[in-house]
Amino acid sequence: MEKIVINGGNKLHGSVSISGAKNSVVAILPATLLAEGTCRIENVPDIKDVTVMLRILSDMGAEIKTINKNTYEINTKNITSNVVKHEMSRQLRASYYFIGALLGRFNHARVAMPGGCSFGVRPIDQHIKGFEALGAKVVMGEKAMVDVKADKLIGTSIYFDVVTVGATINIMLASCKAKGLTIIENAAKEPHIVDLANFLNSMGADIRGAGTETIKIRGMERFHGCEYSIIPDQIEAGTYMVATAATRGDVLIKNVIPKHLESISAKLIECGAVVEDFDDSIHVSMNRRPNHISIKTMPHPGFPTDMQPQISTLLSLASGSSIISESVWDNRFRYVEQLIRMGANIRVDGKSATIQGVEVLHGAPVRADDLRAGAAMIIAGLIAKGTTEIEEIYHIQRGYDHIIDKLKSIGADIELRNDPDNSDQISNAG
Ligand code: EPU
């Protein structure tokens, strides 16, 4: 069983380069189903979610050429299957983007309900509402199969009742080939929505307004191949920014879009960090105990929910009491139990947490409950006194490209250990 082992106390210093965005690439890979030619995709992060997505495409019959570990050429012209089975779909949330992409390609998709991180109920009612508005019939079948079928997709206006990244992407994918104009109102504005729109437009789509709350998609019959480079990962960058500040280090974080990091920079500055933006890099340093602050997670451009566990970890050592309000997910504080094992003083009350800063965290055996919770455990290990061992690290491997090597290169004492003796494993039961 693999563990990450960290001896805490080292300040991070030097420079680190950020990989392509997980949440972009997991939308762009299914989008290749809409192209008639070859799509060359660069800056693909080397993460487990990408491996699974490529497997799904390859099992369907796509030709995939690995140019190097971050560049792939994908041609989906010979695909005839419109099915993604449970064994594959359950491995990641984004497998549901195959519904929109297959619906666009074949007017019929059969995709098992997706997996992904567990933050309480993750409904897909807005996706269904959008597919139905485009003229499709949605049937939830056996073995968690979602069957979505249309005689013809017809452009329409869709208003989302909640701001949802997943439904915005799925409807963009499906409506690209619908007849006429589709207007999405109350759309999500995350950087990966804009990245997907740019990718589809470079295949010949006509999508305007991505990054605002109204997206207009004029349907087209055919799309060609293209060359495209994925944007840098906002959350990976934010994780290194917070890790740097938490260890009171000094790191230049390269290959980023500073505009995407504004909400994270603003909160780190409130904490007492020094943050400087350059064209495509950001410099973070901190040399004192963090101030206590309040944070409310919000859809973009608000403070991202996917940074909440990491910044809460930093605030566990702040002077004074911080309040974190989670407004996106019902249950995103599971990791708090692990931080408390390390000595943090945190009280969770529904969708908010009060963090009373302590002087020190102590290394302990802990568990990565999900992807970002895993990142928080790494930050906790970096700042704790003593040794931290993190279990269930497959969650971390889903979304962080070579995180151990990258952290080692900036001074962390961290390693991957294959430990056959798991007798003192933390129970995941109950
Ligand atoms: N929602 C509904 N109905 C729907 C869809 C969503 O009520 O049909 C609600 C959700 O329950 C949630 C809110 O809307 O309360 C936002 O959900 P959203 O659809 O935006 O989330 P998602 O698409 O499932 C993506 C990211 C998550 C990130 C959220 C929010 C991907 C693959 N996942 O999830 O990323 O937390 O947006 O920004 O893009 C991560 O990377 O660690 C991660 C979990």
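**Sheet and ligand**

A: Four strands form an open sheet in the order β6-β7-β9-β8, with mixed pairing; strands are DSSP runs (E, at least two residues), and two of them pair if DSSP finds at least two bridges between them. This is a predicted model, where local features need pLDDT of at least 70, side-chain atom pairs count only at pLDDT 80 or more, and totals for chains, interfaces and linings use all residues. Residues are numbered from 1 along each chain as its sequence is written, and side-chain values use heavy atoms, with hydrogens and water left out.

Q: Which are the edge strands?
A: β6 (83–84) and β8 (137–140), each pairing on one side only.

Q: How do β8 and β9 run, parallel or antiparallel?
A: Antiparallel, with four bridges joining β8 to β9 (residues 145–149). Lys 137 has Lys 149 in β9 as its bridge partner.

Q: What about polar contacts?
A: These are pairs of N or O atoms within 3.5 Å. A ligand oxygen atom is 2.8 Å from an N or O atom in the side chain of Thr 164, and an oxygen atom of the ligand is 3.1 Å from one in the Trp 329 side chain.

Conventions: Polar contact = N/O pair within 3.5 Å; in protein donor to acceptor, adjacent residues only side chain to side chain.
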